[in-house]
Amino acid sequence: MEILSPAGNPDGLAAAVKGGCDAVYLAGKDFGARAFAGNFTDRQLEGAVNYAHDHGVRVHVTVNTSVKNQEMSDAVTFVRFLKDIGADAVLVQDLGLMRCIQGIDIAKHASTQMGIHSLEGLEWCAENGFDRAVLARELTMEELSRIVPDSPIETEVFIQGALCYCMSGGCLMSSFMGGRSGNRGSCAGPCRLPFEANALPEGKPGRLHHLSLKDNSVIDKLDKLQAIGVASAKIEGRLRTPEYVAAAVNACLAGREGRAYDRDLLKNAFS
């Protein structure tokens with residue numbers, strides 16, 4: 001099973017590759033769902049692909065925002081550029097973009113924002129040109145066990161890192177409250193702020209975080225995910241530090257091999 005690491009910027013890429021991951025996912029300056037990560041210029045992307053391939057690491061590039069009509073030509077050109085520099089795959093959520101890049105010979109992965117959560121969804125992905133689906137993050141182990149073994153394409157599952165309050169990042173809260181759309185890569189994370197469900201005395205702000213989920217961490221279940229046929233174990237964290245990336249990759253490599261890992265080190269690397 002592939003250990004797939006985030007690479008939010010060149011330092012994160014180096015940490016992931018030196019840490020021993022099998023693949024990285026990263027973004028260019030446009031069309032990625034983490035617009036506030038450092039990300040990569042076109043020239044840096046070409047260097048990143050060469051650097052990763054020199055170390056036996058695959059590169060998946062996120063082109064997974066909702067694409068406006070006037071942006072479609074640029075998005076297609078970008079995917080063609082990724083194919084030309086040797087990127088291994090692109091992640092897509094926009095169905096219009098997917099239709100427009102069908103003829104470009106590069107592996108295509110359905111982003112988690114597509115909300116693929118059933119065998120029917122995986123079959124639809126296969127019929128529409130996807131080689132892999134990043135499954136919805138809210139699926140349980142029981143649900144994964146029902147749909148992954150019969151999938152006609154590869155499956156990828158988030159195993160470490162932040163979880164969205166909403167279904168696989170489909171939330172409109174940031175867009176409505178502050179004009180920053182998560183589906184355009186600009187989520188402000190308002191769900192992380194204090195919200196109280198109970199009535200409060202006037203003028204006293206809430207201090208609880210009812211909408212903010214704790215991090216996901218199922219590194220101790222990698223053997224079970226591998227046993228049902230999950231192709232890729234994905235670490236969330238393009239906005240996190242290179243130190244966190246290195247610690248997460250190290251923990252996942254240990255987990256995949258059934259070895260113990262330092263949970264406190266991983267927690268402290270984040271906060």
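Which residues are exposed on the other side of helix 5? Glu120 and Glu127 are, where exposed means over 50% relative accessible area, buried under 20% and partly exposed in between (1.4 Å probe, protein chains only). The model is predicted, so local features need pLDDT of at least 70 and side-chain atom pairs pLDDT 80 or more, while totals for chains, interfaces and linings use all residues. Residues are numbered from 1 along each chain as its sequence is written, and side-chain values use heavy atoms, without hydrogens and water.

Helix 5 spans residues 119-127, and Gly121, Leu122 and Cys125 are its buried residues. They lie on the same side of helix 5 because they cover an arc of only 100 degrees around the axis, taken from the directions from the helix axis to the C-beta atoms. Helices (H or I, at least four residues) and strands (E, at least two) are DSSP runs, numbered from the N terminus. The buried residues of helix 5 pack against strand 5 (107-110), strand 6 (132-134), helix 6 (141-147) and strand 7 (154-161), contact meaning heavy atoms within 4.5 Å. Just after helix 5, Gly129 has a positive phi of about 95 degrees.

A positive phi also occurs at Asn39, near 60 degrees, in a residue other than glycine. Asn39 sits in the loop between strand 2 (23-26) and helix 2 (42-54). Asn39 counts as buried because its relative accessibility is 5%.

Pro10, Leu13, Ala14, Val17 and Lys18 of helix 1 meet Gln44, Ala48 and Tyr51 of helix 2.
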